[in-house]
Amino acid sequence: MILLQLLRYYFNSRFSTVFHQRFSGSVTPVKVPVNQAHCAPKRSQCKKTIVFPSRLSSTCKGYREHSVLVTLQDRISTNPENDNVSSSFKDTVFHLLHSFYQFSRPHTVIGTLIGITSVSLLPVETISELSPTFFMGLLKALVPSVLMNIYVVGLNQLFDVEIDKVNKPYLPLASGDFSMGTGVAIVSASLLASFAMGIMFQSPLLFSALLVSCVLGSVYSIELPFLRWKKQAFLAATCIMIVRAIVVQLAFFVHMQKFVLGKTTVVTRSLVFATAFMCFFSAVIALFKDIPDVDGDRDYGIQSFSISLGQERVFWLCVNMLLIAYGAAVVVGASSTFLPTKFITILGHGALAFILWLRARSVDLTSKDSITSFYMFIWKASQII
């Protein structure tokens with residue numbers, strides 16, 4: 001759909017340019033090279049003005065009536081009108097790519113990439129296991145998962161256009177940069193491509209993770225009886241927690257352990273800790289994402305915790321939950337018998353907890369931009385387990 005729009009824009013622009021030049025009776029001045037021999041000595045550039053007919057005429061009178069002055073300059077041979085067409089085409093391409101970037105909700109894509117990569121490293125026991133086979137298996141997990149992520153966030157935007165006009169007017173469907181047809185095309189293509197890869201890669205755990213993500217993402221957003229779980233705070237939090245904390249951790253761990261590395265399935269201590277940590281993180285995301293969106297949610301009947309409990313109370317609840325999670329990580333790291341792991345875990349999570357606390361104290365809860373900025377920080381910091 002995006003490619004067709006680009007091609008149509010480009011050919012329309014070129015046709016209108018040729019039509020204007022041939023039938024309007026005027027030609028845009030063109031700058032072309034001049035023989036250097038005609039230039040004055042010791043001058044790197046020279047200019048020469050000549051008379052050039054703007055359209056063909058069989059008589060001298062017609063020639064004079066339709067002549068224009070054209071300035072020829074050395075070293076320049078660019079048609080300004082073609083430059084404008086090319087520049088406009090590039091601007092259109094950039095604008096469409098930027099709109100798709102916003103449509104994909106990049107912070108969720110980054111979270112998916114980091115989350116799957118980190119849990120995929122847990123079954124690795126030796127450096128030799130970081131082989132091309134491992135990285136190919138990781139790539140096979142990442143690509144369909146990112147496509148499924150685009151389906152889930154895109155579907156939510158399709159059903160939330162009016163809400164997003166209040167809460168997130170910069171999103172392409174809410175702003176009008178994308179039509180509903182374009183949104184449906186992107187969502188459908190992402191879903192089909194994700195499932196096709198899940199089947200093609202022949203990993204039951206990978207396909208199961210994609211299927212569960214699709215089902216929960218659909219019931220979260222679709223406006224049908226017994227669906228649209230995002231309207232209820234508990235059901236919304238449940239959807240996010242199941243996908244981010246349980247499906248991603250368990251399914252992709254076993255996918256890498258059994259179907260990529262060829263090991264026997266064993267639940268490790270690191271997997272248990274990662275799952276528990278992500279339960280805290282998913283709950284925080286489910287609560288925090290609604291804090292800056294209370295205006296639109298209230299208008300359209302979304303009963304979030306931020307509306308029922310208040311923004312400030314939910315904000316500090318989320319911060320304290322993350323501090324508890326980082327504290328638990330420090331305790332687990334301290335119990336490790338491997339000294340480098342103990343040092344890195346204690347220092348790293350302690351530093352993250354301290355930065356989180358400092359950032360939280362500087363947030364202006366009356367500013368939507370300040371809250372959103374802190375939310376983006378949580379997405380990045382909480383992926384580091």
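**Terms for burial.** I call a residue buried under 20% relative accessible area, exposed over 50% and partly exposed in between, with a 1.4 Å probe and protein chains only. This is a predicted model, so I kept to its cut-offs: local features need pLDDT of at least 70, side-chain atom pairs count only at pLDDT 80 or more, and totals for chains, interfaces and linings use all residues. Residues are numbered from 1 along each chain as its sequence is written, and side-chain values use heavy atoms, with hydrogens and water left out.

**Entry 1, aromatic rings.** I looked up F288 and F315 and found that both are buried. My next search was for ring pairs, where the rings are those of Phe, Tyr and Trp (its six-membered ring) and the centres must lie within 6.5 Å; planes under 30 degrees apart are stacked, over 60 edge-to-face, and the rest tilted. Over the whole structure the search gave twelve aromatic pairs. One of them joins F288 and F315, a tilted pair with 5.6 Å between centres and 50 degrees between planes. This pair links distant parts of the chain, since F288 belongs to helix α11 (residues 269-288) and F315 to helix α14 (residues 311-334), 27 residues apart. My helices are DSSP runs (H or I, at least four residues), as strands are (E, at least two), and both are numbered from the N terminus.

The whole structure holds eight salt bridges. I looked at E162 and K165, whose closest N and O atoms are 3.4 Å apart. The two residues share helix α6 (residues 161-167) and are three residues apart, about one turn of the helix. E162 is partly exposed at 41% relative accessible area, and K165 is partly exposed at 42%.

Which residues does E223 bridge to? I found R228, at 3.4 Å from N to O, and K231, at 3.5 Å from N to O. E223 itself is partly exposed, with a relative accessible area of 42%, and K231 is partly exposed at 27%. R228 is buried, at 5%. The bridges extend into a network that links D160, E223, R228, K230 and K231.

Is F226 buried or exposed? At 79% relative accessibility, F226 counts as exposed.

Two packed helices are described by the angle and the distance between their axes. My axes are lines fitted to C-alpha atoms, for helices over the stretch in contact, with angles from 0 to 180 degrees between N-to-C directions. Under 35 degrees is roughly parallel, over 145 roughly antiparallel, 65 to 115 roughly perpendicular, and the rest oblique.

Helix α4 (residues 106-121) packs on helix α10 (residues 233-260) at about 45 degrees, with axes 8 Å apart, so α4 and α10 are oblique to each other. Helix α5 (residues 132-159) crosses α4 at roughly 150 degrees, their axes coming within 9 Å. That makes α4 roughly antiparallel to α5.

I ended with P106, which lies in helix α4 and is buried at 16% relative accessible area. The C-alpha atoms of P106 and N149 are separated by 9.9 Å, and the two residues are 43 apart along the chain.

Methods. Salt bridge = Lys/Arg side-chain N within 4 Å of Asp/Glu carboxyl O.
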